[in-house]
Amino acid sequence: MENNQQQQQQQQQQGGQGQGQGQSGGAYPGAGGAPPFQHLLQQQQQQLQMFWSYQRQEIEHVNDFKNHQLPLARIKKIMKADEDVRMISAEAPILFAKACELFILELTIRSWLHAEENKRRTLQKNDIAAAITRTDIFDFLVDIVPRDEIKDDAALVGATASGVPYYYPPIGQPAGMMIGRPAVDPATGVYVQPPSQAWQSVWQSAAEDASYATGPAQGNLDGQSFGGEKFGMEPTQQFASRTE
Amino acid sequence: MAAEAEELPRAIVRRVVKDKLSRCSEDGDISVSKDGLLAFSESARIFIHYLSATANDICKESKRQIINAEDVFKALEDTEFPEFIRPLKASLEEFRKKNAGKKAAGSKGKEDEARKKRKLEGESPGKGEGSNKGEDADKDECSDKGEGGDDQMDE
């Protein structure tokens with residue numbers, strides 16, 4: 001009798017989780033003979049094990065849904081920034097939020113590895129750049145986080161103070177200093193790196209001016225509008241290869 | 001006129017990164033520089049573009065208008081992120097269950113009425129999609145449109 005109850009409990013647990021695995025003798029009438037009973041116990045042990053390892057994995061991978069990490073509305077906006085993208089099912093942003101999170105996790109681990117290699121306890125942009133360079137599937141990012149061949153603090157093309165992403169050169173800096181002057185000492189970092197605008201203009205301005213592509217500081221910015229070609233997005237959208 | 005690109009909320013990106021980092025190294029804190037965080041943020045944003053563009057292509061190939069879950073899964077394969085598929089499917093299941101639960105439970109009458117009303121008013125193709133009325137409204141709206149079976153869609 002006791003065993004019977006145990007069985008039912010276990011089955012309820014499993015059933016409750018939607019596993020549908022606890023089918024073994026759900027209506028098991030009685031303890032019966034020893035052999036079938038043991039077999040049953042074994043089976044359920046197995047199922048329990050599977051159940052718990054599944055749970056562990058889920059805890060690793062699946063966040064509690066209430067902890068909605070990334071805001072769906074924002075994600076939807078980002079998706080729709082691509083004019084090509086029209087209608088999105090209600091489930092899509094949810095998938096994207098989760099995918100994004102997983103993606104960040106992947107990028108984090110790999111960046112951290114690089115920081116570790118360099119015995120640093122602070123993740124820096126160049127760690128992320130390294131992770132991108134090293135990982136094939138991150139190729140689509142290669143223009144977003146440029147790999148500085150020289151020093152980190154050096155060449156980042158600056159954006160305008162007003163934050164207009166498509167315009168270069170930045171206000172207040174004589175254009176002559178930057179345009180087509182590979183002789184510019186990269187180590188001193190001619191370019192000022194303003195806080196956040198930098199990102200929006202990095203690939204844009206690099207794409208704009210071929211002269212930058214040749215300088216040593218820009219060695220890896222080939223100036224292609226990868227966004228436009230690869231994804232079929234409007235080049236003027238985000239990854240401008242031409243000014244509006 | 002160039003609109004600034006929508007960014008992902010930095011606090012959330014930071015949280016995701018730091019949570020992971022704290023698991024990467026048991027001894028002491030790894031921190032992230034400001035430009036590092038920015039890099040994460042931007043990379044994630046581009047990832048969204050990359051994935052949606054891919055999913056969009058897949059959707060169009062099937063001559064459909066609305067990007068659905070299957071398109072996204074296929075896109076993950078195409079972009080070589082197949083390891084995301086399983087956890088994403090689990091997430092989706094969770095979401096569908098919760099949704100089903102919500103629908104079955106409270107305010108059914110009100111919701112049904114509201115839905116009928118929306119159907120009557122807003123059956124014009126693709127109209128509702130563009131507006132960002134907020135998550136819940138969006139959910140219901142989208143799921144009622146043309147591809148009615150979206151929420152119950154099997155893999």
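1. Helices here are DSSP runs of H or I with at least four residues, and strands are runs of E with at least two, numbered from the N terminus. The model is predicted. With those terms, chain B reads α-β-α-β-α-α-α-α-α from its N terminus on. The count is seven helices and two strands.

2. Next, burial and surface. Chain B has 155 residues, and 46% of them are buried. The chain exposes about 8,100 Å². Carbon and sulfur atoms supply 51% of that area.

3. On contacts along the sequence, take the pairs in chain B that lie at least 6 residues apart. Of these contacts, 47% join residues at least 24 apart.

4. One helix pair deserves a look. Helix α3 of chain B spans residues 69-78, and helix α4 of chain B spans residues 85-104. Their axes come within 10 Å and cross at roughly 165°. An angle over 145 degrees counts as roughly antiparallel, so α3(B) is roughly antiparallel to α4(B). The crossing of the two helices is right-handed.

5. Which residues of α3(B) and α4(B) make the contact? From α3(B) come B:A69, B:F73, B:L76 and B:E77. From α4(B) come B:I85, B:L88, B:K89, B:L92 and B:R96. Sorted by class, the contact of α3(B) with α4(B) holds six nonpolar residues and three charged ones. It has no polar residues.

Terms used: Residues numbered from 1 in each chain as written. Chains lettered and ligands numbered in written order. Predicted model: local features only at pLDDT ≥ 70, side-chain atom pairs only at ≥ 80, totals over all residues. Heavy atoms only, no water. Buried < 20%, exposed > 50% of the residue type's maximum accessible area, 1.4 Å probe, protein only. Contact = heavy atoms within 4.5 Å. Areas by Shrake-Rupley, 256 points an atom, 1.4 Å probe, with all protein chains shown as cover. Axes fitted to C-alpha atoms, helices over the stretch in contact; angles between N-to-C directions. Parallel < 35°, antiparallel > 145°, perpendicular 65-115°, else oblique. Left-handed = near helix turned anticlockwise from the far one by under 90°. Nonpolar A, V, L, I, M, F, W, Y, C, P; charged D, E, K, R; others polar.
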